[in-house]
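Please read it alongside the display below.

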Amino acid sequence: MANVTALPRNEDGIASVLGVLKQQFGERFQTGASVREQHGHTTTWLTNQSPDAVVFPKSQDDVAAIIKVCATHKVPVIPFGTGTSLEGHVNAPAGGISVDVSEMNAIVSVHSDDLSCVVQPGVTREQLNTYLRDKGLFFPIDPGANASLGGMASTNASGTNAVRYGTMKDNVLAVTAVMANGDVIRTAQRAKKSSAGYDLTRLMVGSEGTLGLITEITLKLQGIPEAISSARCVFPSVDAACQTVMQVIQYGIPVARIELLDAVQVRACNAYSKLDLPEQPLLLLEFHGSDASVLEQAEMFGAIAEEHGGAGYTSTTSTEERNKLWQARHDAYWATLQLRPGASGISTDVCVPISRLADCVNAARARLEEEKFLSPIVGHVGDGNFHCLLLIDEQNEDEMTRAAAFVSWLNELAISMDGTCTGEHGIGQGKMAYLSKELGQETVDMMVMIKRALDPDNIMNPGKIIAV
């Protein structure tokens, strides 16, 4: 495990809050070691920092009551959705109360004519899309994991569909949140646009629970396309695949998904998902639209791919075949872990301008081979975002040291290319050191001022994004 910084604990305040919340919430207040550990980290290599208790609210009023008690005694509040974050977002470095919103999972309303809906934060993306299916609608943001929509908003998640539909910040119309003093705010109405005052919706989206705890989200929806076609194409090199992606985006072909899997990742997916894909760099694509437009998009992509040595281009409109292919992509993390049984996965992501994608991916692959790391490269390359998943023996100090050095090097490489140290994983604890390098200390100082203004006692998810 990678060490993380512990923050000073307010022992007296924590003791008082534990007593009050136990009385208020009864069996929905848990202090068992296994529950607390589960609500520290789950899928990250960062050291687990468990909260002192976990509370399961069922309503916004419950959340407000929890935060008001914690604010009175200056005790940390750590929001928890499904625990799929990767940068230590749910750790409790100063102890405190984990607020698990999984029981706040109501789909409040669907406004089909307006292509929008209102949901509580514990609703997962799969739950929402299952509910919407009979209405001919879907929510397009797909990070792979069946994450909660509150967590996705808090981290500004994106995923495989981002190249066409954008990220969470592009698809959240408004949020309702309980702030650090227990006040409830709503950031906007349901209108698709507004010029009314500061854009507090965008301030809350991506704030990782450091400013307030989201209790309701108004989302944009999309109509289920008339036709959907998935395709795959292999390439002689990662560089050829990246050059194809760059040209597809520059030509304005409206692909819905375009994913890169390098040869190592394809090998892992074949073994785990029982596929027989050629073990070469591979692009997976999906086209949305009318029957005619989907066919046209596929033909245009095929012509571009051929110019760069693409081969074995196949497409399908079969729902079963499409689901099988994309499920294999979503299972890439678990498939990779099987390549080195007993090893831990260190997942990191960066994002660069599309014109620098090939340079960045090639440099990353060369460095991985130089260090002799077993690590696939996979990514949402249509928007310049890719991931490395290093398989590491956490008991091997040398491997851990070199892995940390690789992650640092990759973050700085992306920043040097006018990119970002995180395209979608967020900052959390794991990437705090790179924020000032990316944005400048003056910008980080402004974030600190906002944090202090809205949360003067630093109780909302402390130790994440910025040091206060």
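The points that follow are grouped by topic.

The model is a predicted one.

**Nonpolar cores**

- The largest nonpolar core holds 51 residues. Those that touch the most other members are Leu283, Phe301, Leu357, Phe386, Leu390 and Leu410.
- Another core, of 26 residues, lies apart from the largest one. Its members include Ala157, Met204, Ile214 and Leu219.
- Leaving aside residues up to four places away in sequence, Leu283 is in contact with Ala231, Arg232, Cys233, Phe235, Ala241, Thr244, Val245, Ile258, Glu259, Leu260, Phe301 and Val381.
- In soluble globular proteins, nonpolar side chains tend to be buried together.

**Helix pair α1 and α3**

- Helix α1 spans residues 11-25 and helix α3 spans residues 60-73; their axes come within 9 Å and cross at roughly 155°. Because angles over 145 degrees count as roughly antiparallel, α1 is assigned that orientation relative to α3.
- The crossing of these two helices, α1 and α3, is right-handed.
- On the α1 side, the contact involves Gly13, Ser16, Val17, Val20, Leu21, Gln24 and Phe25. The α3 side contributes Asp62, Ala65, Ile66, Val69, Cys70 and His73.
- Sorted by class, the residues in the contact of α1 with α3 are eight nonpolar, four polar and one charged.

**Helix pair α14 and α15**

- Helix α14 (residues 357-370) packs with helix α15 (residues 397-416) at an angle of about 165°, and the axes are 11 Å apart. The two helices, α14 and α15, are therefore roughly antiparallel to each other.
- The crossing in which α14 passes α15 is right-handed.
- Cys360, Ala363, Ala364, Arg367 and Leu368 of α14 make the contact with Phe406, Trp409, Leu410 and Leu413 of α15.
- By class, the contact of α14 with α15 has eight nonpolar residues, no polar residues and one charged residue.
- Leu410, part of this contact, is also among the residues of the largest nonpolar core that touch the most other members.

- The buried residues in α10 include Val264, Gln265, Val266, Ala268, Cys269, Asn270 and Ser273.
- The elements covering the buried residues of α10 include β13 (257-261), β14, α12 (319-330), α13 (332-337), α14 and β17 (377-380).
- Gln265 lies in helix α10. With a relative accessible area of 1%, Gln265 is buried, since the cut-off for that class is under 20%.
- Not counting residues up to four places away in sequence, Gln265 touches Ala332, Thr336, Pro376, Ile377 and Val378.
- Lys274 follows α10 and has a positive phi, near 55°.

**Positive phi outside glycine**

- Lys274 has a phi of about 55° although it is not a glycine. Lys274 is placed in the loop between α10 (263-273) and β14 (282-289), and at 64% relative accessibility Lys274 counts as exposed.
- Glu208, likewise a residue other than glycine, has a positive phi near 55°. Glu208 is located in the loop between α8 (200-204) and β10 (212-220), and its relative accessibility of 6% places Glu208 in the buried class.

- Arg9 is situated in the segment before α1 and is partly exposed, with a relative accessible area of 38%.
- Arg9 and Pro93 are 84 residues apart along the chain, and their C-alpha atoms are separated by 8.5 Å.
- Excluding residues up to four places away in sequence, Arg9 is in contact with Ile14, Asp52, Ala94 and Gly95.
- Met432 is in helix α16, which covers residues 432-439. Its relative accessible area of 23% makes Met432 partly exposed.
- The C-alpha atoms of Met432 and Lys22 are separated by 34 Å, and the two residues are 410 apart along the chain.
- With residues up to four places away in sequence not counted, Met432 touches Ile427, Gly463, Lys464, Ile465, Ile466 and Ala467.

Terms used: Residues are numbered from 1 along each chain as its sequence is written. This is a predicted model: local features need pLDDT of at least 70, side-chain atom pairs count only at pLDDT 80 or more; totals for chains, interfaces and linings use all residues. Side-chain values use heavy atoms; hydrogens and water are left out. A nonpolar core is a set of buried Ala, Val, Leu, Ile, Met, Phe, Trp, Tyr and Cys residues joined through side-chain atoms within 4.5 Å. Buried means under 20% relative accessible area, exposed over 50%, partly exposed in between (1.4 Å probe, protein chains only). Contact means heavy atoms within 4.5 Å. Axes are lines fitted to C-alpha atoms, for helices over the stretch in contact, and angles run from 0 to 180 degrees between N-to-C directions. Helices (H or I, at least four residues) and strands (E, at least two) are DSSP runs, numbered from the N terminus. Angles under 35 degrees count as roughly parallel, over 145 as roughly antiparallel, 65 to 115 as roughly perpendicular and the rest as oblique. A crossing is left-handed if the near helix is turned anticlockwise from the far one by less than a right angle, and right-handed if clockwise. Ala, Val, Leu, Ile, Met, Phe, Trp, Tyr, Cys and Pro count as nonpolar, Asp, Glu, Lys and Arg as charged, and the others, Gly among them, as polar.
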